[in-house]
Amino acid sequence: MTRKKLLFPYILISPSIIFASFIIIYPVFDLVNLSLNKVNRFGKLRGFNEGANFISILSDQLFYDSLYRTFIWTFGVVVGTIIISIPIAIILNEKFIGRGIARTIIMLPWAISLAMSSVVWRWALDGEFGMFNHTLKQLNLIEDNIFWLATGDVAFPIQILIGILVSIPFTTTVFLGGLSSVPLEIYDSGKMDGTNKLSEFLYITYPLIKPFINIAIVINLINVFNSFPIIWVLTEGGPANSTDILITYLYKLAFKFGKIGNASALSLIMFLILIILVVLYIKVQIKHDE
């Protein structure tokens, strides 16, 4: 094969690679530039500040509180989503009357924007006029209204549960794609060997869809770590910053307090943390598979 033929595929994809690289590299370069300079509210650079933006972030207790909640938020939503989505996908992969309708119902929330879903949940959880309190009163389970979003101890777990619910449709779709690729003959062979449902899942289904589970975990990890609408729409990180995660803390720095330089520094820190988390997970999986 000639050198020209070897290079031809790379020549064809080079415009896409160059365009994608520009989209990724330029914002990162711009963030680095902003994070290393004094920046006014309008984004105008006022000169190099010797890393003062990073020092300011790393000396702020709110950063560490938000970082801790971000890990809890990410872990809770990702793990909860995976645990719930696997059995749903297995059930929807079986043949039964109305399977198409059931699949459609599961996928419908995926078509609704996250911000709109969050607005609906905020209305439902309203302490005075919310649907939850009204329903609980109708069932005689409570007498007085419960202010679900008034304290971080109650609001944050609720936000994690909502995060799980809105992540299920996409994750279930990924698992359904994996299950549809599993040959049915393997299950028939397993039944002949006397496998039950649990051993069938542990020794047949799980090993074969593990690559899809890894894909779902990595994608959900990235999405949830940077997820903004649920926390912001429901509580705006309050009350008293008790539900802030890094992304809402960053938003407040940039658009409420006008600290563009600090927000840029925080963006780079978040970018680095996310890369470390993804690389560590991939390394652990590779080592586990060896």
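1. I11 counts as exposed in this predicted model, because its relative accessibility is 52% and the cut-off for exposed is over 50%. The model is a predicted one. I11 is placed in helix 1, which covers residues 3-35. I11 also contributes to a nonpolar surface patch of about 740 Å², together with L7, F8, Y10, L12, I13 and I17.

2. Helix 1 also carries an aromatic pair. The count of aromatic pairs comes to 8. For F22 and Y26, the ring centres are 5.7 Å apart and the planes stand at 15°, so this pair is stacked. F22 and Y26 are 4 residues apart in helix 1, and therefore about one helical turn separates them. F22 counts as exposed because its relative accessibility is 55%, whereas Y26, at 45%, counts as partly exposed.

3. A further aromatic pair is formed by F132 and W148; it is edge-to-face, with 6.2 Å from centre to centre and 90° between the planes. F132 belongs to helix 6 (residues 131-138), while W148 sits in the loop between helix 6 and helix 7 (152-180), so the pair ties together parts that are 16 residues apart in sequence. With a relative accessibility of 30%, F132 counts as partly exposed. W148 counts as buried because its value is 17%, and buried means under 20%.

4. Aromatic residues also occur as a group. One aromatic cluster is formed by F228, W232, Y251 and F255.

5. Which residues are in contact with I82, leaving aside its neighbours within four places in sequence? They are T171, F175, I213, A216, I217 and N220.

6. In summary, I11 is an exposed residue of the model and takes part in a nonpolar surface patch. The pair of F22 and Y26 is stacked, whereas the pair of F132 and W148 is edge-to-face.

Terms used: Residues are numbered from 1 along each chain as its sequence is written. This is a predicted model: local features need pLDDT of at least 70, side-chain atom pairs count only at pLDDT 80 or more; totals for chains, interfaces and linings use all residues. Side-chain values use heavy atoms; hydrogens and water are left out. Patches are made of residues with over 30% relative accessible area and no salt bridge: like charges are joined within 9 Å, nonpolar side chains (Val, Leu, Ile, Met, Phe, Trp, Tyr) within 5 Å. Accessible areas come from the Shrake-Rupley method with a 1.4 Å probe; for residues, only the protein chains shown count as cover. A salt bridge is a side-chain nitrogen of Lys or Arg within 4 Å of a carboxyl oxygen of Asp or Glu. Helices (H or I, at least four residues) and strands (E, at least two) are DSSP runs, numbered from the N terminus. Buried means under 20% relative accessible area, exposed over 50%, partly exposed in between (1.4 Å probe, protein chains only). Rings of Phe, Tyr and Trp (its six-membered ring) pair if their centres lie within 6.5 Å; planes under 30 degrees apart count as stacked, over 60 as edge-to-face and the rest as tilted. Contact means heavy atoms within 4.5 Å.
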